[in-house]
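Me: Please take one part of this model and go through it closely. Then place it among the parts around it. Keep it brisk.

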Amino acid sequence: MEFLATSLLELITQTSTNLPPDVRAAMSIAANAETPATQSAQAFDIILSNVDMANDDEGPICQDTGMPTFLIHTPVGVNQIRIKQAIREAVAEATRLGKLRPNSVDSITGKNSGNNLGVETPVMHFEQWEEQEIEIKLILKGGGCENTNNQYSVPCNLDHLGRADRNLEGVRKCILHAVWLAQGKGCAPGAVGVCIGSDRAHGYELAKGQLFRTLDDVNPDPVLAKLEAEIMDEANRLGVGAMGFGGKSSLIGCKITAANRLPASFFVSVAYDCWAFRRLGVRLDAATGAIVQWLYRDPNRPVERLARGEGFPLTGREVVLTPPLAEAQVRALKVGDVVLITGEMFTGRDNVHAYLMKNPPPVNLNGAALYHCGPVMLQEGGEWRVKAAGPPTSIREEPYQADVIKPYGVRVVIGKGGMSKKTSDALKEFGAVYLNGIGGAAQYYARTVEKVLGVSLKEEFGIPEAMWHLRVRDFAAIVTMDAHGNSLHADIENATGEQLEALQQV
Ligand code: SF4
């Protein structure tokens, strides 16, 4: 198996940096369907450029490279223990090279292992089969979309849709509800893998397994094929749009399976994956470990570029912000404004927010821009470099955000997916805004960082959770919650909720 290590490293690298052709095609269709010059269309422009940048530079498409999950089929007689060890080594090496972000955190101590290895990480599912070759599939699904997974125990009552019964109509309601609930938190447009039935644990596993199907395949079961087509049509009439900005493209795939259940249980498990749908596979020679075939790819088809222009098309109407910011500057902003930040910003996410509840900040946050980012960082020539740095889901900081804004004077919070009432009230009272970056656009935003000025709390929290001090130029984002109580997220949630009700009445 002299080529096994190289093959695995190549599989991980390609999965993290090069979106598969079926996802590229689905994103291209979704982007072209969007109304030009809308916020969703702007989001697509950045997303598509970001996909090309990641491929050009072999950098992670999104900074959250997720929980590496491998599905492995081996011929009878192949040593699975050896493959397991090789996968662990390849994952550690890919992390060292900055193709994966260190994402494995001890759930008791909170310590990041730094190499993506830990108890039950990476995830590996082994099966034997009668074929001669080894097949390894990999999916990298990040935390933002993982947190939007949902499991329904029917019968149940759903917002805007009423009762979901134990039949296909009830299943349809659950899936639509999950897409509506995700809004922009899972970096829409996304795809759903669904399992009807099974038990709670296996149902989720089977739902995630559906994400290994190509987005353009057709379910061999005509009943499920019909349901998949209906969901695609209805979900794309909801109006969630790219990043939850409102728009025509909310879903790029719906893949459904069914499994037998207990008489007493009826679960509908929905695994939501974001537009950065990173999944690839390889077939390996069982004797040497060399790649004999890539899965999900057509070797005769070159990778098609997706970008329609130069990333974020500027109109000249953008508001330039140079932190530290004064209250009056921030209060002048309103929902829908596009801003370009040039100057200093600080990253801070879950651990930093919890830390600031009990400790003063390690830097002066007065007038500052606080970015909910967990970047991929590498040290090169003694200096830290940003390898991927898109915005992650902000709602996790909702319990803390107001108490960080007010006492420390933060004027700008940057993330994606929006936040709720407590934060909105704090923005209004104190004079601060929430900016929505384009989720997953990790390469695009990494290129806005001119210099890494320093880092705090790295030893305590690890690389993604540390507070990085960055100097950025023309960091583009959209005001989606302003200092006057307005929230694009609340507006879209209400409008799409009404649309759900309308679908219900058809
Ligand atoms: S694209 Fe968005 S949801 Fe997907 S992994 Fe990246 S930040 Fe998370």
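Reply: Axes here are lines fitted to C-alpha atoms, for helices over the stretch in contact, and angles run from 0 to 180 degrees between N-to-C directions. Contact means heavy atoms within 4.5 Å. Helices (H or I, at least four residues) and strands (E, at least two) are DSSP runs, numbered from the N terminus.

Some ground rules. The model is predicted, so local features need pLDDT of at least 70 and side-chain atom pairs count only at pLDDT 80 or more, while totals for chains, interfaces and linings use all residues. Residues are numbered from 1 along each chain as its sequence is written, and side-chain values use heavy atoms, with hydrogens and water left out.

Strands count as paired if DSSP finds at least two bridges between them. β7 (residues 190-197) and β9 (residues 267-273) are antiparallel and share six bridges. Ile196 has Val268 of β9 as its bridge partner.

Next, the five-stranded sheet. It is open, its order is β2-β1-β3-β10-β11, and its pairing is mixed. The edge strands β2 (123-129) and β11 (291-295) each pair on one side only. Neighbouring strands are turned by 15° against each other on average, direction ignored. β1 (residues 67-75) and β2 run parallel, joined by seven bridges. Pro75 pairs with Trp129 of β2. Helix α4 (residues 80-96) packs on this sheet and touches β1, β2 and β3. The direction of α4 makes about 145° with that of β2. Helix α1 (residues 4-17) lies across β1, β3 (134-141), β10 (278-284) and β11, at about 155° to β10.

Zoom in on Thr74, a residue of strand β1. Its relative accessibility is 0%, so Thr74 counts as buried. Buried means under 20% relative accessible area, exposed over 50%, and partly exposed in between (1.4 Å probe, protein chains only). Leaving aside residues up to four places away in sequence, Thr74 touches Gln80, Ile83, Phe126, Glu127, Gln128, Trp129 and Ile134.

Pro60 is the next stop, in the loop between α3 (39-57) and β1. Pro60 has a relative accessible area of 2% and is buried. Its C-alpha atom is separated by 7.6 Å from that of Lys387, a residue 327 residues apart along the chain. Beyond four places in sequence, Pro60 touches residues including Ser16, Thr17, Lys99, Val376, Lys387 and Gln443.

Strand β13 (residues 338-347) is mostly covered, with nine of its ten residues buried. β13 has several partners. With β12 (residues 319-321), β13 runs parallel over three bridges, and Val320 has Leu340 as its partner. With β20 (residues 467-481), β13 pairs in the antiparallel sense over eight bridges. There Val338 stands opposite Ile478. With β14 (residues 369-371), β13 runs parallel over two bridges, and Thr347 faces Tyr371.

Then the ligand. It is surrounded by 14 residues, the closest being Cys62, Cys187, Cys274, Arg278 and Gly440. A residue is near a molecule if one of its heavy atoms lies within 4 Å of it. The shell divides into six nonpolar, five polar and three charged residues. Ala, Val, Leu, Ile, Met, Phe, Trp, Tyr, Cys and Pro count as nonpolar, Asp, Glu, Lys and Arg as charged, and the others, Gly among them, as polar.

Last, the whole chain. It holds 15 helices and 20 strands. Of its 506 residues, 58% count as buried. Among contacts between residues at least 6 apart in sequence, 75% join residues at least 24 apart. The C-alpha atoms fill a box of roughly 70 × 60 × 45 Å along the principal axes.
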